[in-house]
Amino acid sequence: MRKGRLFYLFLLFFLFLGQWKQHGRVNYYAYYQVNESLNSMRVFDVGQALDGKLIFGTRRGAWRFDGETLQNMDPDKILPSPVISAIAIHKDGSIYLGTLKGLAVYRDEQLRILNPFEKSDISQIKMGSEGDLWIGTRNEGLYHKTDEGLKQYLKGIRIVSVTVDPSTGDCWVGSAEGVFRYDQKQRRFVSIPLLKKRIPLSILKASDGKLWVCGRFGVGFLENGQYTRLESSHNAFSFEVVFDLFEDSRGVIWIGSTDGVSTYAKQQLQHYKNT
């Protein structure tokens, strides 16, 4: 897994749990590592269950955190791979865990392996607006799991990132062959010409309608058919490689790059030094 993405997930780790206790303007954080039961320093994905507990996907399994203790979600080691590369929380409370060798679901304190994903190297899982699942893989393209069954798209293409508009259910995919969007009329994924030559490390459909894309080309967004590359003023910092994107509840876009962490909100770019 990429070091930059791991670094950024650790930042989100702090932001999520922070055990944010504000005293005036000072924020206090708690830091958890190997000697506090988390068996791996490498956290590949983070999710939050409906009961508020955080779910961490690591190279040595999935862990549930209640603010004080960490609980191994697979004590009997039934997962086909210990590496948890993707996490998704279903609206019914189920927790989906993507691994390097398949997909599992954690429901009612029970872990169950799902078929037919035995050979799927899962890169990302995203929830649709109707409780459906979009499952990106590194070796089998993209799957769409609904109550009606399972469909496969972009077969043979390495899927890197998936993003879904929560209001419409529209899906966009970042891959080794550029960015695709699902065309409802054609019922298939079509390439986005403006982004065809950009190989993304992450994509994000923001709440304001912008489609954010990042990678070794920096970071930018697609809006109203135009692509805008984000650049800092006066070369205060660079976006040489951007690894991940995240939108918080306020609509602020967080950007994790080789130059640290930045935010974008209300057309203003802010960079945090020493991150």
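**Confidence.** I looked up pLDDT, the predictor's confidence in each residue, from 0 to 100. The protein averages 85, and 81% of the residues score at least 70. I noted that this is a predicted model: local features need pLDDT of at least 70, side-chain atom pairs count only at 80 or more, and totals for chains, interfaces and linings use all residues. Numbering starts from 1 along each chain as its sequence is written, and side-chain values use heavy atoms, with hydrogens and water left out. I then checked residues 10–26, where pLDDT stays under 50. The model has 38 contacts there beyond four places in sequence; contact means heavy atoms within 4.5 Å.

**Whole protein.** Buried residues make up 52% of the 275 residues. Buried means under 20% relative accessible area, exposed over 50%, partly exposed in between, with a 1.4 Å probe and protein chains only. The accessible surface, by the Shrake-Rupley method, comes to about 14700 Å², and 46% of it belongs to carbon and sulfur atoms. Of the contacts with a separation of 6 or more, 36% are between residues 24 or more positions apart.

**Strand E4.** I asked how many residues of E4 (residues 54–58) are buried. Five of the five are, so the strand is largely enclosed by the rest of the structure. Leu-54, Phe-56 and Thr-58 point one way, Ile-55 and Gly-57 the other. Strands pair if DSSP finds at least two bridges between them. E3 (residues 43–48) runs antiparallel to E4, joined by five bridges. Val-46 has Phe-56 as its bridge partner. The E3–E4 hairpin has five residues between the strands, and Gly-52 in the turn has a positive phi of about 95 degrees. E5 (residues 61–65) also pairs with E4 antiparallel over five bridges. Gly-57 stands opposite Ala-62.

**Sheet E7 to E10.** I traced an open, antiparallel sheet of four strands in the order E7-E8-E9-E10. Its edge strands are E7 (84–89) and E10 (110–114), each pairing on one side only. E9 (residues 102–107) pairs with E10 over five bridges. Val-105 stands opposite Arg-112 there.

**Gly-218.** I found Gly-218 in strand E21 (residues 218–223). It counts as buried because its relative accessibility is 0%. Beyond four places in sequence, Gly-218 contacts residues including Val-213, Arg-229 and Phe-239. Gly-218 and Ser-257 are 39 residues apart in sequence, yet 8.4 Å apart C-alpha to C-alpha.

How values were computed:
Helices (H or I, at least four residues) and strands (E, at least two) are DSSP runs, numbered from the N terminus. Accessible areas come from the Shrake-Rupley method with a 1.4 Å probe; for residues, only the protein chains shown count as cover.
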